[in-house]
Amino acid sequence: MLFTEDAVQIAQQIRGSHISIVDTVQRALDNIDQYNPLLNAVTHTQYDALDIAEAYQAKLDALSDNQKEALPPFYGVPILLKDLGQTQAGQPSTSGSRLMKDFIAPITDNFVQQVLDAGFIVVGRTNTPEFGFKNESDSDFNGAVNHPMDLKRNPGGSSGGAAAALKAGLVPAVTASDGGGSIRIPASFTGLIGLKPTRGRMPVGPGGYRGWQGASIDFAITRTVRDTWEMLKALQVEQTEAAFFCPKIAQQELTALDRPLNIAYTYDVPAGYALREEAREALDQAVEQLKRLGHQLVEVPLPTDGRRAMETYYMVNGVETQVMMESIEQGQQRKVTQDDMEPMSWALYRSGENVTGADYSRVLTYWDNLAVQMEQFFKEYDVLLTPTNNGAAFVHEEFHKQPEMVDRLHHIDDLSKAEQQSLIWEMFDRSLEWTPFTQQQNLTGQPAISLPMYHTAQGLPIGIQAWGGRGEEYLLLQLALQLEENGLLHTDIIDLSTQINE
């Protein structure tokens, strides 16, 4: 039976002994077995979760009502982890790559441990593009994820498997991660809520503490504002040993807004692309809805240079990929080759070798200055509003690389540094045009949330992104709660049973 309830409700039902943990976990496993062949959203199912569920239930049965109140907030709730990082000891972690097909995680990382400490029971891992590099979940190793609303389409990436599984109701909760929109892009395409938290909000390490120099962060995709809020409270940390630190949100309850917000919005598209009509309509509708709720809306030009931001983003991706490949080589005690990975991954890896330390230092200084620029902006405005994506979910192979491009990527070593960076831009160009709004928040470390406020004439979602200053998740969620309470967020699950029967 698909989950129409959110994770908070499931947790409440478990704590009140209205449902059993064993039955709930079995329900999630049955859903995966029945519906995943349609979606290809889950790459690994953890059937040993039933043993954990039995132990959790035995503990619950032995507690008094007062003792139950001290349990973790999501005690016994099944969850899927994203198969990109987020390692759990003894479980596979492939990052969507055949290079990692035999890798079994030796440790549970700090983020996953926080998920476990919150009471969740992991039932499997979700599909991603190789190493999370794309906005489309379609790795050669694990295959493409199908969109629950239209199986011919892709739910986006890199958290596409997570979004598809949650939208279809396979589980009540999923984790995700966001290095350039990988939470918000699939949340927008599938009609879910996708919050990218402030840099330093979520646990990191051990091993790596910077995550693409702070651009990447773990969290979740959700169906309700209260799930977003309660998961944020449960997973946030003050990690003093980490490279980036963010004080915990002090509030314990998510209260209603007590003032109208000064909201900026822009029709400008980063990196100079044209705004698609559907995305314009989505933004127009959101602006009018927010005005009716009493907020002040002001149209502004895009306050940053989106082209330069993306050029630096690709440069950092190349260097971080090079470092990652060196680590994999050490672990496998061999050199990696073109045959080990997709052409996009190979090109990023090889381009990173030509970036100098001075290049890298200048990029990080630019990111710092960009953050300062946007923090000044948020002293004048509470929120900057854009579409999340520049259109609805695309069909599979929309961005399929032609043989000529694949050949150039394979021969990237023959190019100069400038030519390599130009080729990387060309490689991403068409897909970036579809998802150009979600990268700069990763560079600045500021929070942003995708909210499911609009559907096209074909019934496909396009999210609206609200971008705020560092540490302002609480304000973004207050705004989201107001929209939800006014019936302006649309996150219903998609029942796949009719497609199973066809």
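1. A residue is called exposed when its relative accessible area is over 50%, buried when that area is under 20%, and partly exposed in between. Gln333 has a relative accessibility of 72% and therefore counts as exposed. The model under discussion is a predicted one.

2. Gln333 lies in the loop between helix H10 (306-332) and H11. Its phi is near 55 degrees, a positive value in a residue other than glycine. Most residues other than glycine have a negative phi, and most peptide bonds are trans. Ser17 also deserves attention on this count, as its phi is near 60 degrees, again positive in a residue other than glycine. Ser17 sits in the loop between helix H1 (7-15) and H2, and with a relative accessible area of 46% it is partly exposed.

3. One runs from Gly157 to Ser158, with omega near 5 degrees; Ser158 belongs to the loop between E5 and H6. Another joins Gly205 to Pro206, where omega is about -5 degrees. Pro206 is in the loop between strand E7 (193-196) and E8.

4. Helix H6 (residues 160-167) is largely enclosed by the rest of the structure, because eight of its eight residues are buried. Those residues are Gly160, Gly161, Ala162, Ala163, Ala164, Ala165, Leu166 and Lys167. They pack against both helices and strands, namely helix H2 (21-39), strand E2 (78-82), strand E3 (121-126), strand E6 (174-178), helix H7 (184-190) and strand E8 (217-222). Just after H6, Gly169 adopts a positive phi of about 75 degrees.

5. Asn146 is located in the loop between strand E5 (143-144) and H6. With a relative accessible area of 17%, Asn146 is buried. Leaving aside neighbours within four places in sequence, the residues in contact with Asn146 are Leu38, Leu39, Leu151, Arg153, Pro155, Ala164 and His396. A polar atom of the Asn146 side chain lies 2.7 Å from the backbone oxygen of Leu38, and a polar contact of 2.8 Å links the side chains of Asn146 and His396.

6. Which residues of H11 and H14 meet? Met344, Ala347, Leu348, Arg350 and Ser351 of H11 contact Gln420, Gln421, Ile424, Met427 and Phe428 of H14. By class, this contact has six nonpolar, three polar and one charged residues. The axes of H11 (residues 343-352) and H14 (residues 417-434) come within 10 Å and cross at roughly 150 degrees. Angles over 145 degrees count as roughly antiparallel, and H11 and H14 are therefore roughly antiparallel to each other. The crossing of H14 by H11 is left-handed.

7. Helix H8 (residues 225-235) packs with helix H16 (residues 473-485) at an angle of about 160 degrees, and their axes are 9 Å apart. This arrangement makes H8 roughly antiparallel to H16, and their crossing is left-handed. On the H8 side, the meeting residues are Val225, Thr228, Trp229 and Leu232; on the H16 side they are Glu473, Tyr474, Leu477, Ala480, Leu481 and Glu484. The residues of this contact divide into seven nonpolar, one polar and two charged.

Notes: Residues numbered from 1 in each chain as written. Predicted model: local features only at pLDDT ≥ 70, side-chain atom pairs only at ≥ 80, totals over all residues. Heavy atoms only, no water. Axes fitted to C-alpha atoms, helices over the stretch in contact; angles between N-to-C directions. Helix = DSSP H or I, 4+ residues; strand = E, 2+ residues; numbered from the N terminus. Parallel < 35°, antiparallel > 145°, perpendicular 65-115°, else oblique. Left-handed = near helix turned anticlockwise from the far one by under 90°. Contact = heavy atoms within 4.5 Å. Nonpolar A, V, L, I, M, F, W, Y, C, P; charged D, E, K, R; others polar. Buried < 20%, exposed > 50% of the residue type's maximum accessible area, 1.4 Å probe, protein only. Polar contact = N/O pair within 3.5 Å; in protein donor to acceptor, adjacent residues only side chain to side chain.
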